[in-house]
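This briefing is meant for a reader who is meeting the structure for the first time.

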Amino acid sequence: MTLLQTHALTARYGDFQALFGIDITLEAGETVAVIGANGAGKTTLMRAISGVLASAPEQILFEGQPIGALASPDIVMRGIAMVPEGRKLFPSLTVEENLLIGAYGTKGSGAWNLARIYDLFPILKERRHSPGTALSGGQQQMVAIGRALMSNPKVLLCDEISLGLAPVVIKDIYAAFPQIKASGASIVIVEQDIGHALKVADRIYCMMEGRITLSGRSSEVSRDAIHSAYFGAGVHEHH
Amino acid sequence: MRSTRPISGRASMNIIDTLVQGILLGGLYALFAAGLSIVFGIMRLVNLAHGDLIIFAAFAILTITSMFGLNPFLSALIAAPLMFAAGWLLQYFLLNRTLGKDILPPLLVTFGLSIIIQNGLLEGFAADSRRVPLGSLEAATIPLGAVNIGVMPLLTFLSAIVVIVGLNTLIYRAPIGRAFRATSDDPVTAGLMGIRPQRIFATATGLAMVVVTVAALYLGTRANFDPSAGPSRLIYAFEAVIIGGLGSLWGTLVGGVVLGVAQTIGATINPEWQILAGHIAFLAVLAFKPRGFFPRAVD
Amino acid sequence: MSSTAQTWTTKTGTRASGLFGIAAILVVIVAAAAPFLVSRDIVQDLFFILTMLVLAQNWNLLAGYAGLLSIGQQAFVGFGAYSMFGMVILLGVDPLLATLLAGFFAVLLAIPSGFFSFRLQGAYFGVGTWVIAEAVRLVVAQWKALGGGTGTSLPGEARKAMFGVDFLKNTFDMKTSQASDAIAYWFALVLAAATVLLFYRILRTRQGLGLAAVRDNETAARALGVNAQRMKVFVYLTTAFVTGITGALIYLQKARISPDAAFSVTDWTAYVLFIVVIGGIGTIEGPIVGMIVFFVLQKTLSDFGSVYLLILGFIGIATMIFAPAGLWGLFSAHTGIQLFPVRRRLVLNGSDHTLQDTRKGGFNG
């Protein structure tokens, strides 16, 4: 069953068009990775799906319903939670409060609660009363993931979770993904790091300059195809 | 301390009396300031109509009291939810539209609001000085050693403490308080948590209006007020906030007390100097401790 | 820039602004003749328009350009007026000279006032200036030699002996009151024209463009070498000087002063804010347009007392919400007309390219 789908999704910031007709799908229980270089439009795509940027209603469908025009609080209440780029923890809130506020908009229960998040990332339990921003980058990323899970989402959007982190820390964070998948959530991962993306994702989409340039099953796409889809065929200069 | 000369005994008693009256007056100023402080703390909005809203609430209490023959405390209880609703609607439909990077729109819109409330009250109630009648409680005092403490001033001060404890509990313990702080930090990310910043801001202003109602109850029962009395109340609230340090509710109490004591001492020297002494205390704090007594550690 | 094959020049004037410049000179010449042509009532109305326009231009420069949202300009109106009264009554200075000197007294007040208020940011700066104005009002109310809280009048003989009065009486057969009104009016006319020209020149200088840069983005402006704080202090003191003179001039004409009136936040700040906002903040044209609207409203509605102020409040709020650039902003956006162009345009081989970014024009051109 297709859970989430974008249809000819466009986005612009003023005069600058960032997305030119994106079509992606996410099946229930699936993990999909969106990869691409800096400025390819990946974060814009995440911002559009999560309701930070408004789109035309029919450009984004969730469980068959048009959600493109909904604002972010409505999106999260329907079951799409986002781990934003740069983690965006609330500096005035402690670690535990940051986690608790993740459940603010969603009533009722599900697989995830404070205790289960602490099981997933035990270090957070130790630091629960510290201000969120006093933690290391990796720990902050764990809080951001935990915070999004607290809403018990059907879809978890992860925007650049490995950005700026040491390889060993990235490994720790990705080690949590099997448990997240096991809880029933479908996942969209946005990454610049191709290796990690291929490891956890069932399928990948490659983006360049606001367009999808390649898609396929992670096991089937070749490194060469990704390389040209990522950087463009032949010589291509990035700014 | 025993004094052999009766004159100095009376003088020291007067000093204690002055200090006590000043501290208790500070409770009223803290109540003025608390509402201003939470609105600024949560949405960085300086509401120039804050004083006029206090006077508006005082007229609301007066009207309910005289219309239904109720006790003013009961009237305030009725006025509080109405003021909450008024604050909520005001923020949601007007003030939210002024929030942003530019500080000019909120300043000018609340200044315009101040003029509208003042002149609206003038139309509705005329320029006469009013007071909310309180019967025997008005002049009731408790003899405490050398000084007599007025029941109403004492009640004002205790209410200020209750209000500050209540607000702090709400902001630092309750889910809505987490939402206040999160929205204040980053409204876009707060939206990703299911928080609607526009409603959070409206709720915060509604809450401030409940505090305003409490302030209005004590202002209206203790002293005369008229439609033009708002701006002075805004100024006292502002002075208490700056003296106490931006962002701290206990700071507003300290600021209120400093202001109250300065005014009471000024008035003892010369009744015409009461308000001026408060301004001078404020300027002195600004000169020597520009961030106030309890500046917020993280800004 | 000049090394390219194409030739560049920078230009600030437009066709409309050139025509307007000629028209403006004619208007000032005609206006100067008003005391000989129209009744004393109309001269007083024109005096009111001119003085309020000067106050509005000052607040516009403060808030619209330097980002200093003062709600305490009544401090300088009142202090300027009181220092003029003090010089005339206590020292016997000629009222006209005292009015000029009042500007310096306003600056003397602005130095400590700025010391305190510059410690506060944004909107708190505004309330801080208001508190200072209140404090000054309370201190002045203690000045018993000038009537304390009830105020005092300018002695009739001082007005009679004022510079120029005798000349007008003898040459044009005017009454004393008529002559002193005419002198105050001419003073206001010169002051208004000088203020507009001075601010226009300030805004066209490198420093003035720096000011616009500070308003748009203080950090970026600092990176370009603009000393934001120094610019703000300069504007604060300059506007205090002009506002002080204006306050003295207004009370020279009124000839009666009291602390409550001279330090009125409604008369000298609320009205002024209204004029600037309704006309369009951040332009020189805006306050002129706003002044016309304000005057018409006041003539038609001021009999209604508090309802009048109620309406002003509503109009002000509606403008801020729906047309934050004011009436002139709406007009200018539709027509592209600028009468006081401060934005520099690059003219390339005769064709005209407006630079979107005034900072670029200012620092490269």
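The expected span of a helix is 1.5 Å times one less than its number of residues. The model described here is a predicted one, and in it helix α3 of chain C, residues 40-65, has 26 residues and reaches 36 Å from its first C-alpha to its last, close to the 38 Å expected at 1.5 Å a residue.

**How the chains touch**

- Two pairs of chains touch, and of these the pair formed by chains B and C has the most contacts.
- Chain A and chain C, by contrast, do not touch, and their nearest C-alpha atoms are 15 Å apart.

**The side of chain B that touches chain A**

- The contact between these two chains takes 22 residues from chain A and 17 residues from chain B.
- On the side of chain B that touches chain A, α6 (175-185) and α7 (187-192) of chain B each supply at least two residues, and the largest share, seven residues, comes from α6(B).

**Within chain C**

- Helix α3(C) is followed by G67(C), a residue whose phi is positive, near 70 degrees.
- F104(C) has its place in helix α5 of chain C, which covers residues 95-117.
- Because 15 other C-beta atoms lie within 10 Å, F104(C) is partly exposed.
- F104(C) and A24(C) are 80 residues apart along the chain, and their C-alpha atoms are separated by 29 Å.

Technical notes:
Residues numbered from 1 in each chain as written. Chains lettered and ligands numbered in written order. Predicted model: local features only at pLDDT ≥ 70, side-chain atom pairs only at ≥ 80, totals over all residues. Contact = placed C-beta atoms within 7 Å. Helix = DSSP H or I, 4+ residues; strand = E, 2+ residues; numbered from the N terminus. Buried ≥ 20, exposed ≤ 12 C-beta atoms within 10 Å, placed from the backbone.
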